[in-house]
Amino acid sequence: MPTIIQHQYITNWHDSFVDYIGRLLGVVAGLMARPEATEGDKRGLDGIRLILNGRDAADVERDLAAGVVRKSTLDKIEKLNKDLADTCLEHIQMNPLVREFWKQMAHIKIEHDKIGEQARLAALNIPVIEG
């Protein structure tokens, strides 16, 4: 049985995740509606929209809404953020070496965030279920 603090932490995490996805979807919609958005821009933004509305995001939302943190929940958050970063970087005009730097930097930051979340969960004695 989770403590009140554990339950509140997961509830806040759920609300934050839902807000994150919703705000990014709003940004995508706003950018797609801009008159200067090219067809290439719209394809990239549509790819981002698909990721945000995809199965991984839905699975994370469902797990957190149920108050369950699985290893797969953390893995899906990591994958979701890496997919978003990669899709964004694929559609920005830049030198390939610079693009690779930004991609690696984003992945390192995302992995660091996952490790931080695992530490917070451990500190709060919130179990991370295998699977």
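Analyst: The axes of H1 and helix H3 (residues 55–65) come within 8 Å and cross at roughly 155 degrees. Axes here are lines fitted to C-alpha atoms, for helices over the stretch in contact, with angles from 0 to 180 degrees between N-to-C directions. That makes H1 roughly antiparallel to H3 (under 35 degrees counts as roughly parallel, over 145 as roughly antiparallel, 65 to 115 as roughly perpendicular and the rest as oblique).

User: Which residues of H1 and H3 make the contact?
Analyst: From H1, Ile10, Trp13, His14, Phe17, Val18 and Ile21; from H3, Ala57, Val60, Glu61, Leu64 and Ala65. Contact means heavy atoms within 4.5 Å.

User: Wait, is this model predicted or what?
Analyst: This is a predicted model: local features need pLDDT of at least 70, side-chain atom pairs count only at pLDDT 80 or more, and totals for chains, interfaces and linings use all residues. Residues are numbered from 1 along each chain as its sequence is written, and side-chain values use heavy atoms, leaving out hydrogens and water.

User: Ok, how many helices and strands are there?
Analyst: Five helices and zero strands. Both are DSSP runs numbered from the N terminus, helices being H or I with at least four residues and strands E with at least two.

User: What about H1 and H4, at what angle do they cross?
Analyst: Roughly 20 degrees, and the axes of H1 (residues 4–33) and H4 (residues 71–90) come within 14 Å. That makes H1 roughly parallel to H4. On the H1 side the contact includes Trp13 and Phe17, and on the H4 side Leu74 and Ile77 are among the residues.

User: And how do H2 and H4 run, parallel or antiparallel?
Analyst: H2 and H4 are roughly antiparallel to each other. The axes of H2 (residues 39–52) and H4 come within 9 Å and cross at roughly 175 degrees. Gly44, Gly47, Ile48, Ile51 and Leu52 of H2 touch Leu80, Asp83, Leu84, Thr87 and Cys88 of H4.

User: New topic: how many salt bridges does the structure hold?
Analyst: It holds 17 salt bridges, each a side-chain nitrogen of Lys or Arg within 4 Å of a carboxyl oxygen of Asp or Glu. One of the pairs is Glu78 with Lys114, at 3.0 Å from N to O. Glu78 lies in helix H4 and Lys114 in helix H5, so this pair ties together parts that are 36 residues apart in sequence.

User: Last one: which residues make the nonpolar surface patch?
Analyst: Val98, Phe101, Trp102 and Met105, and the patch is about 370 Å². Patch residues have over 30% relative accessible area and no salt bridge, with like charges joined within 9 Å and nonpolar side chains (Val, Leu, Ile, Met, Phe, Trp, Tyr) within 5 Å. Accessible areas come from the Shrake-Rupley method with a 1.4 Å probe, and for residues only the protein chains shown count as cover. Phe101 sits in helix H5 (residues 96–123).
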